[in-house]
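Here is a briefing on one protein model.

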Amino acid sequence: MVSSISLRAKPHHEALLDISEEPPQSSSVFRDLRLFPPSIKFIIWNEFCERFSFYGLKAILALFLSDRLGLSQVRSTQMFHLFTMACYASPMLGAVISDSFLGKFRTILYLSLLYAVGNWVMSMAAIPDPNPVTHKASSYSMWSTAMGFFFIAIGTGGIKPCVSAFGGDQIEFSILDGQTKERLQRIFFSAFYFAINVGAFLSMLLTPLLRANVSYAAAFGIPALLMGFAIIIFWSGRGDYVDRRAVGCFFSSFIKVIISAARPRKKESGYVTCEQVNCTGASSSAAHWLDAAKLSCSAEEVEDVKTIIRICVFLIPAPLFWCLYNQKASTWVFQAKQMNGHVSWLGNVVIRPDQMQALDPLLVLIFIPVLDQVIYPFLEKHGVAMKAIRRLLLGMLLCSVAFFTSGLLQLAIDKRITSGSIASYINTVSGSKPENKDHMGLFNLAYPNEKEEQISILWQVPQYVLLTAAEVIFSVTGLEFSYSQAPVSMKSVVQAIWHLTSAEGDLITILVVGIIGNQLSTANRSFLFAAGGIVGLVFMIWLGACFKDADNPIVEKDRGAVNSEVGVQHHVKWGSKLACRTGQ
């Protein structure tokens, strides 16, 4: 079983590996990989399969809502972002369950089972054909889709903050503090994101092909199968995990500190407010308004709440990034439907609209090692430290430029004849039907008499390059930032707060699209969103200038307390091997 607080658990200090004194110049990527705890491989492979499942479903979802359920483009966009908003809002539920009741391991396991059920429900919802006259989906399909959305949103969202934090815990509580631990944590989060995008890339190629050549049911079935593999892989590592027990409800502690700090204190001459009370009870100017809560709360609780508030304030503009980024799976797919997918110089193939999304994870696989192993070290070597806040700002800027580029492309599309799009040229070929095409290649072969007036779908490549660069810089940094700044007892909660910014971004999209509707052209709507990204960038620059990295004087005390709460089931043999490799 997974280690927890039990009689079988070993003292934490026995599992810590003292490799912090390793000379920095002796490090290499391959040597670092051998230093990771054995449990990391199960977490990485689990994430690969789970993300294959999620992005495979997400890649075809906008077209499923539009083509299969008969929703309009505007309504499909709203429903798509409502689903993704739920997926990124539910991480807070998973974090509360994990940190307050079940611990990370059991939370991930139980919610993954619910997630798998949701995948199979979606596959079953796609089996009935729409009404041949009205082209509307049956009530069974509509209700089954809603049920599948609910199960998947709770499942994928609930495990999202736990998996990344669980992986970070394997390093945090297995290796002593030092440069090696910091380097391994950075490599882990990059490898974690790398696995996400390998799964996303493969699924974004495969599921659109199954959608076009087999059925939506088969396209949803493959993600369901991969989710089953994810559960099996995660369960297989149960003997190697470091699993911290639940530490209590974060919200009750948070509210307790806030109320205590805001409550007036009685004095002989009357009442004084929190600004007039310091942590010793004397009347003076407090260093922070929450310090007054230390009269009735522990210093640890107060410092944790101060950290949470500081992180939340800094992340206020982050939803504007996700508002733009998440539209690549909706707005940009509908844009690709208006473009010519025929690429004559690439073997005369047709790239389908929903397959263009596969370019994003493919570029991520290139950008992550280039940034992590080449660009960042090069800049640091020349005195340009790419701190987390600087990277977040750069990611926000690139995302806005990507959407501005998308708006320019849409202006060009609007000026062209649309008869050359995939849907149009298939219909213009006399007697031709999609099911008669050659399916032997990765992409479907184009019809020979396709019209050439339509803009090539490859003109979307520049905006994907910019958006993917923004994603790697912003998202990987955000994961690392939220974990490193979080109090020891609230890692999952802060990870959930980070993912909640994505849900808020989807909410912004839903509201803007709902209010604007068809009043603005697609191009002008893209420019509007790009301007919103610039506003978020300026706001984040201002907040970044005021932000102070977590520097909690009781961190070491927290770590000592956690040591008694963490059970480790690492094998002595593995620890001895690592000690030999590091010369200890």
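The structure holds 29 aromatic pairs; rings of Phe, Tyr and Trp (its six-membered ring) pair if their centres lie within 6.5 Å, with planes under 30 degrees apart counted as stacked, over 60 as edge-to-face and the rest as tilted. This is a predicted model, in which local features need pLDDT of at least 70, side-chain atom pairs count only at pLDDT 80 or more, and totals for chains, interfaces and linings use all residues. Residues are numbered from 1 along each chain as its sequence is written, and side-chain values use heavy atoms, with hydrogens and water left out.

**Aromatic pairs**

- A pair of aromatic rings is described by the distance of the centres and the angle of the planes.
- The ring centres of Trp322 and Trp498 are 6.0 Å apart and the planes stand at 75°, so this pair is edge-to-face.
- The Trp322–Trp498 pair links distant parts of the chain: Trp322 sits in helix H12 (residues 318-325) and Trp498 in helix H18 (residues 491-516), 176 residues apart. Helices (H or I, at least four residues) and strands (E, at least two) are DSSP runs, numbered from the N terminus.
- Trp322 is buried at a relative accessible area of 8%, and Trp498 is buried at 2%. Buried means under 20% relative accessible area, exposed over 50%, partly exposed in between (1.4 Å probe, protein chains only).
- Phe403 and Phe529 also pair edge-to-face, because their ring centres are 6.1 Å apart and their planes are at 75°.
- That Phe403–Phe529 pair links distant parts of the chain too: Phe403 is in helix H15 (residues 388-414), Phe529 in helix H19 (residues 522-546), 126 residues apart.
- Phe403 is buried, with 0% relative accessibility. Phe529 is buried as well, at 5%.
- One aromatic cluster is formed by Phe42, Phe105, Phe166, Phe234, Trp235 and Tyr241.

**Crossing of H5 and H7**

- The axes of helix H5 (residues 91-102) and helix H7 (residues 139-172) come within 7 Å and cross at roughly 60°. Axes are lines fitted to C-alpha atoms, for helices over the stretch in contact, and angles run from 0 to 180 degrees between N-to-C directions.
- H5 and H7 are therefore oblique to each other. Angles under 35 degrees count as roughly parallel, over 145 as roughly antiparallel, 65 to 115 as roughly perpendicular and the rest as oblique.
- H5 contributes Pro91, Leu93, Gly94, Ala95 and Ser98 to the contact, and H7 contributes Ile154, Gly157, Gly158, Lys160, Pro161 and Cys162. Contact means heavy atoms within 4.5 Å.
- The residues of this H5–H7 contact divide into six nonpolar, four polar and one charged. Ala, Val, Leu, Ile, Met, Phe, Trp, Tyr, Cys and Pro count as nonpolar, Asp, Glu, Lys and Arg as charged, and the others, Gly among them, as polar.

- Arg211 lies in helix H8 (residues 179-213) and is buried, at 14% relative accessibility.
- Beyond its neighbours within four places in sequence, Arg211 is in contact with Ile60, Leu63, Tyr216, Ala219, Arg352 and Asp354.
- The C-alpha atoms of Arg211 and Leu63 are separated by 9.7 Å, at 148 residues apart along the chain.
- Glu504 is in helix H18 and is partly exposed, at 34% relative accessibility.

**Whole protein**

- The secondary structure comes to 21 helices and seven strands.
- Of the 584 residues, 56% count as buried.
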